[in-house]
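User: Hi, I have just opened this structure and am new to it. Could you walk me through it?

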Amino acid sequence: MSETRLNFAGRLAQTFITSKLTIVFIIAVALMGVVAVLQTPREENPQIVVPAALVTVSLPGASAAEVEELLVTPLEGILKEIPGVDHIDSTARNSVAAIQVQFKVGQPKEESLVKLYDRVLASRSRLPSDAGTPVVQSIDADDVPIVTVTLASSQYDDYALKRVAERMADRLRSTDNVSVVSIKGGHKREIAIELDPDRLQAFGVTLSQAYGAFGASNLSVPMQPTVRHGKVEAIKLSASFQSADDVKNQIVAIHDGRPVYVRDVATVTDGPPSEVAAFSRFSFGPGDARFGKDNSMDMSAVTIAVAKKKGANAVVVANAVIDRIERMQRSFVPEDIQVVVTRDDGEKADAAVNLLLEHLLIALGTVGLVLMFFLGWREAMIVMVTVPLILSITLMADLLGGVTINRVTLFALILALGLLVDAAIVVIENIHRHYGSARAGTSKEEMTVLATNEIGNATNLATVAVMLVFAALFLVTGMAGDYFYPIAYNVPIAMAASVVVAYIVTPWAANRWLHRHDVREEEMHAREDARGEPGRMERLYLRLITPLQQRRPVRFAFGVVILVLMGASIMQGAWQFVRPSGVGGAVSQLGVAIGFLPKDNKNTFNIVVSMPEDTPVEETDRFVREIATLLAQEKEVVNYQTWIGQAGVEDFNGLFKGTAGRTGNHVAEIRVNLTDKHDRSQSSIDIVREFRPKVDAVRAAWPGVEVTLVEDPPGPPLRSTVLAELYGPDSDGLRALSDEVRKAFEATFDIVDLTDTEPVDVIEHRIVPDKEKAALSLVSTAQIAEALSLVYGGNTLSRAHLPDERNPVDVRAFVPRRFAVDPTRLDRVFVDNVDGKPVPLSELVTVQPTSADRPILHRDNERVTFIGAELSNSVPLYAVLDLQRRLAGITAPDGRPLRTGNLSFSEEVPDTIDGYQLLWGGEMRMTLNVYRDMGIALGGALLAVYFLLVAYYRSFLVPVIAMSSVPLGIIGIFPGHWLVGADFSATSMVGIIALSGVVIRNSLLIIDFIQENLKHGMPLDVAVRQAGAVRLRPILLTTLAIVLGSAIMITDPVFGGLAISLIFGTVASTGLTVFVVPILYELHAERHLRHSAVKSQ
Amino acid sequence: MRTVLRTAPALIFLCFLTAAAGATTQEKPINLPAFPVTQVEMMEIPITYTVPGSVVSDGRIDVSSRVVGFIEQLDVREGQKVSRGDLLVRIDQTDIDEAVRQAEAGVRASQKDLDDAEQDVEKFARLTQSGTVAAETLRKAKVRVDIARANLDKARAALNSAEAQKSYATVTSPVDGVIVSVARRSGEMATAGSTIMTVESREVLLFKTFVSESNLSAIDPQTPVTVRIDTLKGEVFQGRIRGIVPSGDDVTRRYEVNIVLPSDPRLVPGMFGRAEIVLGKQFVTLIPQVALVRRGGLDGVFVLDGDVARFRWLRTGRVWGDAVEVVSGLSGGETILAAANDTIRDGSVVQTAEEAR
């Protein structure tokens, strides 16, 4: 043994074969695995780090156009200077500018925000002097609540519920790793002074007097202490409002020598506001046992939302929070308040992870069965022991490398499973073979080490090739890069771990448990096969390959068939683009759609409602109630919570779609929770698809209403699936163009949930003071403004100092709706002039009806308007190309043709020098980016593998032959998708990358054997034939392991594509590789021989 | 309280109707309550300009003494009702009495003087005829008679004047009204022209208000004006515009408008009210106030969708008597429950009163 120079594999095997360290190693690795499984944070989907922040600057009184010029444009320029900024989206509204800065994916969060702060604050001098201080607010995915608990009741109103919720929230804050605990919905206590303008007028009290009276009398001032009787004693002026009665009895003026009290001119109430602008309701659906019982519908609701700290385990935090909620429910929450967990990302993550762990075990079991069948149970057991060890090492690497256990991580492990058993199989098989051909005088240990040593280099090569291929996924950029990161990280680590474990544990175990005589019988059998008394499978193989070797026409026909099959397969994907009926419309009978990431089966979806901007909140509520009525008939709906006048509790998706945090009379959301996906046969995708026409039927009666049924995407969130970004120099032009594009969208196949950002014009009563008249009446514009602000919306005058109140209670004065003042008739509103005489406002101002300032949107420094849409059943690629065909070159409002773009692999930036421009964004852009990156990754990986093989074979052509197995995979890929009925997606692309690694390995083994056979002096044709026949069985074994290991993934809506590509591609490729590669090698070798013959002549 | 108001009629109605329903029809479940319904309609409502103002008395009389003197008698008190002619104040008369006596004495003296002069004329006339006295003497005697007569007239006038002073010493009420204020007490000195007390007439009450300049042109003096008095639970009085004081305030841009109120014993000057001046007409959606219910902190009504009651959140506006204006939430034509109780929730199946019949 000592005479052989051992390689890496052999040295490892030799060190560990009898060592006690091996057992220690096994136990240590197993323990590591347990720790890793328990400790690694779990998530449903990998976290995508996109630092983003919102900068708001106010410029009181400025019109939208002014704000655009004075704030948005300069700030955008400044922010654009920051390196790492991806997109800047701004909105210029009346008096305020909001600029959202999105950094490139993967930029460090803190650093990016610091840079942003720096720039923004340094830019103060470039902004108008009356502009407010810029406020920078980070948009943080870590602040997205992981648990939401809704308190709902038909007995208590949301004011009472909020008070209970506040108590509960206080008790949650001390939970470990909890970050933001917020309460959404409900109303807070206030002391409302409902002013009666008529009574004010009668008492000669003006609004400004009333206003002034409060500020001056709600005071409590501690004074300097005094010393009396040798002791320091404190002094305090105490005149603050302690109750609503104090407010009522506040004197506002003196009229006719008699004091006028607040109660004389106003109604004072203490409690929730009487006029509600936003609220939330909760209802149980037919999927819950409480449905249909009394008081289970339309309950007032308040939601407690809990976020976790960055890096904390969602499962642990969520469980702790829910445990506390349950205990509080038992101890102090009244019985008739329903406490319902409406979001539990912890459980979601846990369920997803556990399901996948289960799948992993099933896959492991399947592979085990295959091995047992092919190798015998002892060998199978040894291989199966190595698998958990490899997984343990990989998970430990996850824990150390900060990768969470999530769906993608686990899919990576399942995917790796088929590959990582390979190393152990190869080792054990070789040991097996050596044991069979036992030579006298060699010890068992020596034999084992030699056997391991023998296959070491080839295995290393193949493993490095696979690692290279998967590591290429690191090249994927953007959000998709973050999404697929766990695959790029885990698979190479698992592969590396697999060889190490195979070299350490397998020889040790084989040495311990495999007996020489045990294997002899089988081995003899196998050797017989190799010697030319082949088994049935090998005989069939030989019968098929011989004519290919010997007869040119057969070979030619075979080649043609392969090319035709490849063409046909590619055509399945490409037909849609070239078919005579155009790219729009349904996918053809045999076609396979090319998408990005399919939707996932979820337990929830969100209905986002945008009414026209001039809709009162009551009308919004009416529409939402109509939708809610439909939801109450859906049998899979467990519960739903409607949010009127405000968006619901934000989620990761909403944060990036820009739907989170919206407020206003025209805004509504319905969060729908479905029965658990394991308990229903219908997927959420189908439920939403069937529900949508019902919503559309309701929507038909409400012109201008935009409803989007938002399903949480499995991957990166997007603004819209199909998104047209219209850039142009002029707002009115953009609006006209937007209408036109919208019409084109409406006429497109499968387009649903259309939205656009062009607002409806809201009538505005512009109150213009008559400066001269006001001056003659001795009234200032500021006084007019003050009076108007009280009449419209009211003013917070002061804060009451109530004992035992945990929230500030505002004293708010306003004119209630029953005394509402018509803006066209301001004769009931009075202002005090300098002499104290009341002057009716109608005499000082003129009221002009106009339309309100429309917000101006910018994206990346250009004016923009968006038109977005979802697709119910198809992929955006076709819809966009169809729209592109119809929209490219239409006449834009400036008379020039509309330029369209952003459909190439490199991202385009807006440019309006040549007029209006349409850039396609949304899923289309991400699809292009991801396919581009994956293409580059695949190309790079293949190139790297090629170089590796060139180095190994010292030939330029042999690696090409070895890699010819990759394109053969295509034959299986598209028909595979077609058979399963899935779209070709980004994960299918990952499948192709994985497939390349696997099939190259197959051909490497064949070529290795041919060369081995040639070395042993076999004639070329026999060597080729025999190599194919001998390698057939192990190749089929590997293929089977991969196919069966990945088969469990096919049912997954998202990663199904990966499995389909891998399985069908591997099967097709393997089936053909065993013929194509030997034949090509033979042709190459023949030519090579001829050349050398010619040369030698 | 409001809930009781809202539910009580409904409950009574409901008991009645369920009894009726149970008696007449068998298929209808007896325990299903029946509810009155109403149709939401658009109604024409006048656009009014409401101006607040106060009830004032048309006649407000400051009672003062013409004579100077100590107040001898003052028995009336604030708030006392007085009729025309009732004694209000008596001033101490001693000075006046003396003056009268003095004047009487003057009259008597003048009379004597006249008598003497007349006798002289008679005597000189006879003597002139006999030529014993010069004609010149007779002429002078006649002149003396004229002077004496004039003196008598003067003395009589002085007496009349002195006696007239006597009537000024007692002040009686010029109108039927109420004593509003009393400024002096008995024994105090009354100076001429200073107010002793104020009497307010109850004969005509006015509603005094200020109308802004921009609405002045919209006022037609012929149109009756509705006046609501807050303390009388908004009771409506039909008034008549008596006049617009044609001089506005150039600072506040308001003009005083006086509206004559009908006589009503409950109307008291100083009451606060609002005059509604009709400027035009408008269509609004109105619902009865009792139909409004509060669910989960929201005010709204139940709209019938078939026999299912659906809660509709409403934005209500101004109140018109028993009805309330709906600014948003109803489009008109809906059937709503005119009264609902707490058992009804969104989605409840209800039997309407019409069905029950």
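This is a predicted model: local features need pLDDT of at least 70, side-chain atom pairs count only at pLDDT 80 or more; totals for chains, interfaces and linings use all residues.

User: What is the mean pLDDT of chain B, then?

Analyst: The mean for chain B is 79, and 89% of its residues reach 70 or more. Over residues 1-30 of chain B, however, pLDDT stays under 50, and for that stretch the model has 29 contacts beyond four places in sequence.

User: And what does the model score in ipTM and pTM?

Analyst: The ipTM is 0.71 and the pTM is 0.80.

User: Staying with chain B, how many helices and strands are there?

Analyst: Chain B has 5 helices and 23 strands. Of its 357 residues, 31% count as buried, and of the contacts in chain B with a separation of 6 or more, 74% are between residues 24 or more positions apart.

User: Ok, which strands make up the open sheet of 4 in chain B?

Analyst: In chain B that open sheet runs in the order E8-E7-E5-E10, with antiparallel pairing. Strand E8 (170-172) and strand E10 (189-190) of chain B are at the edges with a single partner strand each, so one side of each is left without a neighbour in the sheet. Strand E5 (residues 69-74) and strand E7 (residues 87-91) of chain B are joined by 3 bridges, and B:Leu74 has B:Val89 in E7(B) as its bridge partner.

User: What holds paired strands together in general?

Analyst: Strands of a sheet pair through backbone hydrogen bonds, and the pairing can be parallel or antiparallel.

User: Changing topic, how many residues of chain B are in contact with chain A?

Analyst: On the chain B side there are 31 residues, in contact with 35 residues of chain A. The elements of chain B that give two or more residues to this side are strand E3 (41-57), helix H4 (213-216), strand E16 (272-288), strand E19 (308-313) and strand E20 (315-320). The largest share, 5 residues, comes from E20(B). By residue type, the side of chain B that touches chain A divides into 9 nonpolar, 12 polar and 10 charged.

User: You named E3 there; which way do E3(B) and E16(B) pair, parallel or antiparallel?

Analyst: E3(B) and E16(B) pair in the antiparallel sense over 14 bridges, and B:Glu44 has B:Phe283 in E16(B) as its bridge partner. E3(B) is also joined by 5 bridges to strand E12 (residues 205-212) of chain B, again running antiparallel, with B:Leu206 in E12(B) as the bridge partner of B:Val56.

User: Now chain A. What domains is it divided into?

Analyst: Chain A is divided into domain 1 (52-139), domain 2 (141-187 + 279-347), domain 3 (190-271 + 779-830), domain 4 (535-591 + 955-1097) and domain 5 (601-712). The C-alpha centres of domain 3 and domain 5 of chain A lie 41 Å apart.

User: Which residues touch the most other members in the largest nonpolar core?

Analyst: Those are A:Phe470, A:Leu473 and A:Ile993, in a core of 253 residues. Helix H15 (residues 478-513) of chain A gives the most to this core, with 22 residues. Leaving aside neighbours within four places in sequence, A:Phe470 is in contact with A:Ile487, A:Ala488, A:Val491, A:Pro492, A:Ile993 and A:Gly997. Apart from this core lies another, of 58 residues, including A:Val617, B:Val37, B:Leu286 and B:Ala309.

User: I clicked on A:Ala9; is that one buried or exposed?

Analyst: A:Ala9 is buried, because 27 other C-beta atoms lie within 10 Å, and the cut-off for buried is 20 or more. A:Ala9 is found in helix H1 (residues 8-16) of chain A. Beyond four places in sequence, the contacts of A:Ala9 are A:Thr452, A:Asn453, A:Gly456, A:Thr459 and A:Tyr503. A:Ala9 and A:Asn460 are 451 residues apart in sequence, yet 8.5 Å apart in space, C-alpha to C-alpha.

User: Why does A:Leu548 count as buried?

Analyst: A:Leu548, which has its place in helix H17 (residues 536-550) of chain A, counts as buried because it has 20 C-beta neighbours inside 10 Å, and a residue needs 20 or more to be buried. Leaving aside neighbours within four places in sequence, A:Leu548 is in contact with A:Val554, A:Arg555, A:Phe558, A:Phe1075 and A:Ile1079.

How values were computed: Residues are numbered from 1 along each chain as its sequence is written. Chains are lettered from A and ligands numbered from 1 in the order in which they are written. pLDDT is the predictor's confidence in each residue, from 0 to 100. Two residues are in contact if their C-beta atoms, placed from the backbone, lie within 7 Å. Domain bounds come from an automatic or database domain assignment. Two strands pair if DSSP finds at least two bridges between them. A residue is buried if 20 or more other C-beta atoms lie within 10 Å of its own, exposed if 12 or fewer, and partly exposed in between; C-beta atoms are placed from the backbone. Ala, Val, Leu, Ile, Met, Phe, Trp, Tyr, Cys and Pro count as nonpolar, Asp, Glu, Lys and Arg as charged, and the others, Gly among them, as polar. A nonpolar core is a set of buried Ala, Val, Leu, Ile, Met, Phe, Trp, Tyr and Cys residues joined through C-beta atoms within 7 Å.
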